[in-house]
Amino acid sequence: MRVLELQSITKRFGAVTANEDVSLHLDKGEIIALLGENGAGKTTLMSILFGHYTADAGTVRVEGAELPPGKPRAAIRAGVGMVHQHFALAPNLTVLENVMTGTESLWKLRSDRAGARRKLADLSAKFGLKVDPDARVSELSVGECQRVEILKALYNDARILILDEPTAVLTAQEAEGLFATLREMAAKGLSLIFISHKLHEVMSASDRVVVLRGGRVVAERRTPETSKEELAELMVGRAVQRPERVPGRPGAVLLEGVDLTLGGKGGASLKGVNFRLHAGETLGIIGVSGNGQTTLAGLVSGLYPPDGGALLLRGHRPARHDVPHAIAAGIGRIPEDRNAEGAIGDMATWENVVLERIWDPEFSSRGIVRRGAAKQATQEIIRDHDVRGASVDGRIRLLSGGNMQKLILGRVLRAGPEILVAAQPSRGLDEGAIAGVHERLLEARGKGAGVLLISEDLDEVMALSDRVQAIVGGKLSPAIPVEAADARLLGLMMAGDWSVAKEIEGADAV
Amino acid sequence: MRFERRDHPSTGLVLLAPVGAVLAALVVAGLLIAIAGANAFEAYGLILKGAFGSRLGFSETLTRATPLILTGLAAAVAFRAKLWNIGGEGQFYIGALAVAAFGMIPAVAGLPPVLAVALCLLAGAVAGMLMLLGPLALRLKFGVDEVVTSLLLNFVAVLFVSMMIEGAMKDPLAFGWPSSVPVPGNAELPKLMERTRLHAGLLIAVGAAVAVWLVQARTVFGMRSRAAGLNPRAASFAGVPLGRTLVSVACLSGGLAGLAGAIEVLGVKGYVTTDLSPGYGYSGIIIAMLANLNPLGVIAAALFSAVMFVGADSMSRALSIPSYIADVTVALSLLTMLVALFLTQYRIRR
C-alpha cells in the first residue's frame, strides 16, 4: 500500500534549483534510503515533504490525501514524523517534557503527565527504544537524544518517519543499534525514509534506494539488486576511486609521546599515552568516540600542554607548548570539528586562511596585517585545491563541508608541515570529498611528513595507515602494522583486548 | 510569513540600515509629537535649526558629540570582541575624577600646557582601563557575567565620585556646592571657536575614531580581537591568546571611556560634578549599535544623537513639546536599528 507519494516536486532558491521534477513513493512497512552527495537536494526534498519549505511545483500525498504545502502541523497530523540531523530538544527539560511539548493545547489547565508517561513507556517498550523519561536531555548522550527525537515523532502517532542523516553523529555501534531499531519499526508497520551518503549503511539497512544527484532522481534500485560500487557511481556521477596507499619507507622519529597524561580538557582524559610517529608514515589512532581522541588531538595540536609525561619533537622537549610554537615547529593541524574549530564563519576566507600564521612575517609586519600577501596566498589555495564556492573576501560560512576541508588542508599543506595531525578528517564528507582528502594525506606522507591520523572510521584507518594503535579509556594499545590488522582484530583492540596486538608488536620488534 | 537568511547581505543594504532605522525612529517620534499637539515637520525643522542654525547651536552640537564619539567607540571596540562593556558611564566618571585628582598635584600647574594636557588625558584613560579590568578579571577567573558587573560598577563609580567631591576633593571656593577642585589653567584644552564651548577634544575624538578603525581593520590585534569575539573556540585553535586579547580590548574600551570623561573635564567644565554626564556612557552603547560597531560610523551616530539633544532644547522652547522627545527618538532609533540589522541578515518571505 502506498503511504506516501511525492509527485514532480520542483524547488528553486533564486537561481539555484534544489529539486527538479522529483517523484518518489513509499510503501507501508518499507525502508527507503535517500542517497546523494552533500548538496544533492535530499534535505530540501524532505523539508518540503514536512512542510518547512513550499515547493514551487508538485504535490505531496499521504495515504492518498494531498498535504497542504508549507504546514508542518498538517504533516504531523497526517502522521509524518521527522528526526532532524541537529536535534530540536530543550536541554533543560526532561525526556518526558520534551516529548510532550507541543502536543497539548495551551488552553488546557492541567497537563496529563501520567497519561503521557504511560504512552511513552508503551512506545519505548514496543520499539525497544530505552530511555529514562525523567532524565534531563542535557545529561543524555547523542545516541539517547536521537532516541528521544524518534520517540517524540512516534508520540505524535507518526506512521511515516523521516530521518535526516541519522548516523552522522553516532558511533559505529550506536548506528548499528539504530538500524536494528528501524528494522523493527518497519516490521511493525511503520514506513521509513532515511537520508544518507554512506554507502555501507544504505546497503545494510534499506529495502530500496533512491539516488539524488543535482536535485534530480537519477536512479532507483532495490537494495538486494545493487552494489556499493554501482551506487557510488550513480551518486557521484562518475566512478570514484579512493586512492591506494603504497608501502613507504618510514624515517626518523618526528614526534613521540611518552606517558602523556592530561585531565579532562574538552573530552575524556589521557592516562599514559605512548606513541612514536616516524617521518613518511601514517600512524592511525582508532577508537570509539569519547575515549580521549579529542584530548589527544588537542594536546598534539598545541592547545593544552600535558599534565604529565612528555611530547618530544624530534627527540626534544619543546620550549613552549602552545599553538604558535606547534605551528612554527612544523605541525600542521586538521581539527576534528571544522566549523567550530577550523573556521570562523563570519570572517573572510583570507582571514581564516592566515589567522593561525598571522605572526609569520609573510602575513604581518610590526603588528600590521599584510593583506596583499594574505589574499594572494588565499587565492593560490583556492586555485590549487579547487575550493569551490569560495571567494577571497567572502565569508567562509557558506562553504560546504568538503570545500571547507579543502581550504583547511590547503592552508595547512601550504606551509609544508613535517607533522600532520588529522582528527576525523573525513567526518561528514561525501565520497568525492573523502577521496580528495585521502589523496592529500597520502601525498603529504609521500613527501616525508609524519601523519597522525585520529579517526573513528575503520575503513579510513585501514586504508591510510602504516601502523595502527587503538585508543581505549585514555590509553593507547601497542602499535600493529596495518598488514597484520583486520576488522576483527581492530575490533578487539578497540574493546580493550590487547593480547594479540602485544604479540604482534613483540614479534615485529624482533 | 517567515525569515530566510541572506547569504550575502549587500554593502548597500548594510549602509542603508542605519539610515532607514533613523528615518523610522523619526516617523514614530513624529507621531508622538503630533499626539502632543504640534506639527512634526515643524518640530524637526526647529531641531535642525537649533542644532545647526546658529554659531552657538553648531558649536554646542559638536561639543556634545565629542564625548559621545568616545563613549560610542568604547562600546563598539568592546562589543566587536563580544566583551559586553555596559560600564561606560562609570569609566567616564572615574576618568573625569582621575583628571581632577591629578590636577590637584601642585607640580602639574607648573608644567608646559602640552605636557599637562597629555598627562591628564593619560590619567583619565588609565583610570577608565582599570575600571573595566576588574569586571574582565572576574569573567576570566570565575566566569562572572561582565554585563552585570560592569553595569553595577556604574553606580559604585558615581557614588564614589559623589563621596570624593563632597569630601577629600571638594572645592572650598564653590560656595558649598559639591564639585571638585578645578584643574589648573595650563591643563585646559584650547578652544576651537571663540566665545563658544567647542574645544580641541573634538579633534582628539575624531582622531581616535580613525585610529580605532585602522587598528581594527589593519592590525593583527584587530583581527585577533574580532576572531576572539566571533568564535572563541576556533580563535584559540588558531593560537589567538584569548585572555590576553580580551585584556587588550578591555584596556582600549575602558581607556576610551575614561578619555571621554577626562576630555569633558579639560575641555568643558574644568571640574567634576555628579551631573557631568547626562548619560554619555549609556548613550555610547546606543551609538555603537547604531553605527553597527563601525568606528567611523560612530562619528555619524554620535552626531545624530548630539543634534537631537541640542536641537530638541530649542525646539521644545518654541513649541512647548517636552525636550524628552530627543531621548525618546534616540532610544527608538536603537530599537529600529536592531530591526534594521536583523533585516540586513534575513529577508522576509510571504
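So, at what angle do helix 12 and helix 13 of chain A pack, and how far apart are their axes? Quick note before the answer: this is a predicted model, where local features need pLDDT of at least 70, side-chain atom pairs count only at pLDDT 80 or more, and totals for chains, interfaces and linings use all residues. Residues are numbered from 1 along each chain as its sequence is written, while chains are lettered from A and ligands numbered from 1 in the order in which they are written.

Okay, the answer: helix 12 (residues 371-384) and helix 13 (residues 401-414) of chain A pack at about 120 degrees, with axes 9 Å apart. Axes here are lines fitted to C-alpha atoms, over the stretch in contact for helices, and angles run from 0 to 180 degrees between N-to-C directions. Helices (H or I, at least four residues) and strands (E, at least two) are DSSP runs, numbered from the N terminus. The two helices are therefore oblique to each other; that word covers whatever is left after under 35 degrees (roughly parallel), over 145 (roughly antiparallel) and 65 to 115 (roughly perpendicular).

Who touches whom? Helix 12 of chain A brings A:A377, A:I381 and A:D384, and helix 13 of chain A brings A:L407, A:G410, A:R411 and A:R414. Contact means C-beta atoms, placed from the backbone, within 7 Å.

Now the strands. Strand 7 (residues 160-163) of chain A runs parallel to strand 6 (residues 80-83) of chain A, joined by four bridges. Strand 7 of chain A also pairs in the parallel sense with strand 8 (residues 191-196) of chain A, over four bridges. Pairing takes at least two DSSP bridges.

Terms used
Contact = placed C-beta atoms within 7 Å.
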